[in-house]
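Keep the 3D view open as you read.

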Amino acid sequence: MELPFALIVVLVIVAGLGIAVALFKSMWRVAEPNQALIISGSKEKGAGLGFRVVTGGGTFMVPGVQVLRRLSLDINEAPLHVECVTKQGIQVGVRGVVIFKVGDDVASISNAARRFLDQQDTMVDKIVNVFEGHLRSIIGSLTMEELVRERERLTQETRAAAGVEAEKLGLVIDSLQIKDLVDPTGYIANLSRPHAAEVTKQARIAEATANQEATEAEAAAQA
């Protein structure tokens, strides 16, 4: 029994729609809010990059012809444990943390993709190396006294110097926090001793003066 021509047309249309939907799903890719899509392959010459960058939306790609990879735009944390020497030749350890991420603009994403796309877990090590070098250089130009009194200066100068190098890697420094200065030689503790001694001295003088006045007042009252 032959099917009615109208039914055949409907079945063909339904089959065609099914194939179209399947093709659409196989070719359509969506970037999550915290990632960038990097599409390389045939005719991908966007902005002379050799690949296409897509963020905040979707795009078509041809499976088997083009390759899609995802670059994370999440915030990363890099711990710092750096051993340095001051201008006076005094050893000091710096403990801190760097908060960074891949920049949101196409240029930053492109730079980061070229360097980290297949090894994104190496970003932290790279940032640590960058900051270690700049911390050693800057601390080497400071005395221990300057380091103790002007920690904010150390933070600002290090972040500025390292930020330029990080920008070339497509990375943006959100913050640098110097949490602690490790003093293996006891130099920082010795710096505070004269002040502590002076405070103790003044406290003793004040106490002695108060005792003397009390004694004199008591004697006057008895007289």
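Predicted model: local features only at pLDDT ≥ 70, side-chain atom pairs only at ≥ 80, totals over all residues.

Setting aside residues up to four places away in sequence, Q35 touches V30, T55, R70, L71, S72 and L73. Q35 sits in strand β2, which covers residues 35-41. Is Q35 buried or exposed? Its relative accessible area is 13%, and buried means under 20%, so Q35 counts as buried.

The largest nonpolar core has 41 residues, and L71, I127 and L171 are the ones that touch the most other members. Which element gives the most to this core? That is helix α3 (residues 123-139), with 8 residues. Now turn to L171: leaving out residues up to four places away in sequence, L171 touches F100, K101, V102, G103, F116, M123, I127 and A166. There is also a second, separate core of 6 residues, with L37, I39, V54 and L68 among them.

For a contrasting setting, move to D105, in the loop between β7 (91-102) and α2 (106-116). D105 counts as partly exposed because its relative accessibility is 38%. The side chain of D105 makes a polar contact of 2.8 Å with the side chain of S108. Finally, look from D105 across to V53: the two are 52 residues apart in sequence, while their C-alpha atoms are 9.9 Å apart in space.

Technical notes
Residues numbered from 1 in each chain as written. Heavy atoms only, no water. Helix = DSSP H or I, 4+ residues; strand = E, 2+ residues; numbered from the N terminus. Buried < 20%, exposed > 50% of the residue type's maximum accessible area, 1.4 Å probe, protein only. Polar contact = N/O pair within 3.5 Å; in protein donor to acceptor, adjacent residues only side chain to side chain. Contact = heavy atoms within 4.5 Å. Core = buried A, V, L, I, M, F, W, Y, C linked by side-chain atoms within 4.5 Å.
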